[in-house]
Amino acid sequence: MKNRLLTLWMLVALLAASSCRTSGPGTPARTVAEFFNKYENRSGFKATDWSAGLTTRLLLLKLGNLGGDNDLTQAISSVRSVKVLTFSPTSGSARELVAEGLTKEVDGLLANERYTPLPVTAEAGTTVMRYSARQQGDRVKEVVATGNVQGAPESFMLVAISGDFTQDQVNKLVKFLPSVSGELSK
């Protein structure tokens, strides 16, 4: 009886350990910040971190050719930081990491951190982006976009934009982001 009980407990522990693991090498990240920290110094990954200085805002305004869109202008002025992580695979195992590991790991951490998927999938050329947002009351505090690098469909890109946005401003950012994703990933 003890052997069966011990075997049952070991089986349950094994199943629990394997079901908690999201894909990706090593221990899965639990937050967006942990995901950046985990991958930013690994071979093949490129991380860019922009603070919300005047230069960044001017660059974003220039990249967007805004044309007087007030909600987008206010959204960009509400940006506190933009973090971009890109990875372009050069081998079969690296392509598998993108296809199975990175996307699943990000999906798992966004679900665990209660990010709300946004119903928009915006496309710009070969760039397909999926968006999620983290809200506090009626304000959006962070928008996360996942997709691929423009012109490299097998690549991976994660963009995290933190700030203080209204829902209308987020909708404008979601439409604007694909047009500058190529510049963000450089």
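Predicted model: local features only at pLDDT ≥ 70, side-chain atom pairs only at ≥ 80, totals over all residues.
Leaving aside its neighbours within four places in sequence, which residues is Phe165 in contact with?

The chain averages a pLDDT of 75, and 68% of the residues score at least 70. Helix H2, residues 32–39, has the highest mean pLDDT, at 92. Helix H1, residues 2–20, has the lowest, at 42. Over residues 5–23 the pLDDT is below 50. Beyond near neighbours in sequence, that stretch has ten contacts in the model.

Back to Phe165. Its partners are Ala75, Ser78, Val79, Asp138, Arg139, Val140, Val170 and Leu173, with neighbours within four places set aside.

Now the wider setting. The largest nonpolar core has 24 residues. Phe165 is among those with the most contacts inside it, along with Tyr131 and Val159. Which elements give two or more residues to this core? Two groups. On the helix side, H4 (70–77) and H6 (167–184). On the strand side, S2 (79–87), S4 (127–136), S5 (139–149) and S6 (152–165). H6 supplies the largest share, five residues.

As a general point, nonpolar side chains in soluble globular proteins tend to be buried together.

Last stop, a polar detail. Ser81 lies in strand S2. Its side chain makes a polar contact with the side chain of Ser162, at 2.8 Å. What else does Ser81 touch, not counting residues up to four places away in sequence? Besides Ser162, Ser81 touches Trp50, Ser51, Ala52, Ala160 and Ile161.

Key. Residues numbered from 1 in each chain as written. Heavy atoms only, no water. pLDDT = per-residue confidence, 0-100. Helix = DSSP H or I, 4+ residues; strand = E, 2+ residues; numbered from the N terminus. Contact = heavy atoms within 4.5 Å. Core = buried A, V, L, I, M, F, W, Y, C linked by side-chain atoms within 4.5 Å. Buried < 20%, exposed > 50% of the residue type's maximum accessible area, 1.4 Å probe, protein only. Polar contact = N/O pair within 3.5 Å; in protein donor to acceptor, adjacent residues only side chain to side chain.
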